[in-house]
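Work through the exercises below with the structure open. Each task is followed by a solution in steps.

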Amino acid sequence: MSRVAAIDGGTHSMRLLIADVEEQSGQGGSATVVAYPLVRRTRTVRLGAGVDATGRIGARAVDAAQSVMREFAELCRHFEVDEVRFVATSAARDAQNSDVLLAAVTSTFAGFAVTAQVISGAEEARLSYLGATRSIWGQGGSAGCLVVDVGGGSTECVVGTAHRHAAMSVNVGCLRWCERWGDADPPSPEQLRAAARIVDAELDQLDEGLGWEGVRTLVGVAGSVAAVTAFAMGLTAQEVARVHLAELPVATVMAACAEITASSRADLAARCGGDPGDLDVVVAGALIWGRIVQRVSERTGVGFAVTSLHDVVDGIAVDRVGSWPWRAGGDGQSS
């Protein structure tokens, strides 16, 4: 057994999972990875702030990322982590100076066995699928599963089973869109319609690239999906852990997305709690998730959407062992 710290350097937030993982031999030479999550942390960084316009990660964003990484490094020392694996995603893919971020990772985690890399959209999708579907496998089913990760800079989609998958990444993300809307709070109906047309055009790639045949389960991951689900369930930001594996009818999801995109950040904060300064990404994420849920429902007849709080960090931790799927020993402590 080894203790791994998996870190997702996302466009909007940076997330940490510390877990004990081990590989166990199964029947016929197969292997199962058993994971025991110990701690989870999520911190808002907005690494992708301005990247859509400038093509560079700003100095302020690097400083914010390094501050969070110092917090994470302290946790890694406290938990006596054996290995740190850091992956940077959409913002770093788009930025010309992503090497600055990777250098900051290496220096901050000096003393650990650390791997830091910028991963492709397809690889991000694969890791999200790996992390998200472990919960579904634990319930005895994964065939025909479509996993959608609505991120800050891009959205990853994977369709497959425990033994095969097809992955795609499209450049629609919640931070990317809320920056394009500027100070609009909420975005105007014209802005929402224009955004929906562009999102739909990006999603057209999925029709040919992924295909919908056999899709029977839709799983959404990441903060925006969790926020939409919590909103639909009448939960506050402090109760978001209760959305894990929640299954909502498509009509309920669509209604929640429509209400969120029509609401101001102040109204959302009053109803659900949370920092109004961070709720702009939820509005954009609701638009993206709503368009995806509608498309999947129309193409496949799927009537429900499942929310998973297990995602790319879980995939990062397990993938280093080199085999999947996995079964979990717990969820760890979140804050």
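**Exercise 1.** Classify F112 as buried or exposed, then describe the aromatic pair in the structure.

Solution. Step 1: F112 has a relative accessible area of 15%, so F112 is buried (buried is under 20% relative accessible area, exposed over 50%, partly exposed in between, with a 1.4 Å probe and protein chains only). The model is a predicted one, in which local features need pLDDT of at least 70 and side-chain atom pairs count only at pLDDT 80 or more, while totals for chains, interfaces and linings use all residues. Residues are numbered from 1 along each chain as its sequence is written, and side-chain values use heavy atoms, with hydrogens and water left out.

Step 2: F109 has 0% relative accessibility and therefore also counts as buried.

Step 3: A pair of aromatic rings is described by the distance of the centres and the angle of the planes. The structure holds 1 aromatic pair. The ring centres of F109 and F112 are 6.2 Å apart and the planes meet at 65°, so this pair is edge-to-face (Phe, Tyr and Trp rings, the six-membered one for Trp, pair with centres within 6.5 Å; planes under 30 degrees apart are stacked, over 60 edge-to-face, the rest tilted).

**Exercise 2.** Locate R15 and find which side chain it joins in a polar contact.

Solution. Step 1: R15 sits in strand 2, residues 13–25 (strands are DSSP runs of E, at least two residues; helices are runs of H or I, at least four; both are numbered from the N terminus).

Step 2: With 14% relative accessibility, R15 counts as buried.

Step 3: The side chains of R15 and D311 are joined by a polar contact of 2.8 Å (a pair of N or O atoms within 3.5 Å; within protein, one must be able to donate a hydrogen and the other to accept it, and residues adjacent in sequence count only if both atoms are side-chain atoms).

Step 4: Leaving aside residues up to four places away in sequence, R15 touches several residues, including D311, V312 and V313 (contact means heavy atoms within 4.5 Å).

**Exercise 3.** Why is helix 12 described as largely enclosed by the rest of the structure?

Solution. Step 1: Helix 12 covers residues 312–319. Its buried residues include V312 and V313, and R15 touches both V312 and V313.

Step 2: 8 of the 8 residues of helix 12 are buried, so the helix is largely enclosed by the rest of the structure.

Step 3: For the protein as a whole, buried residues make up 54% of the 335 residues.
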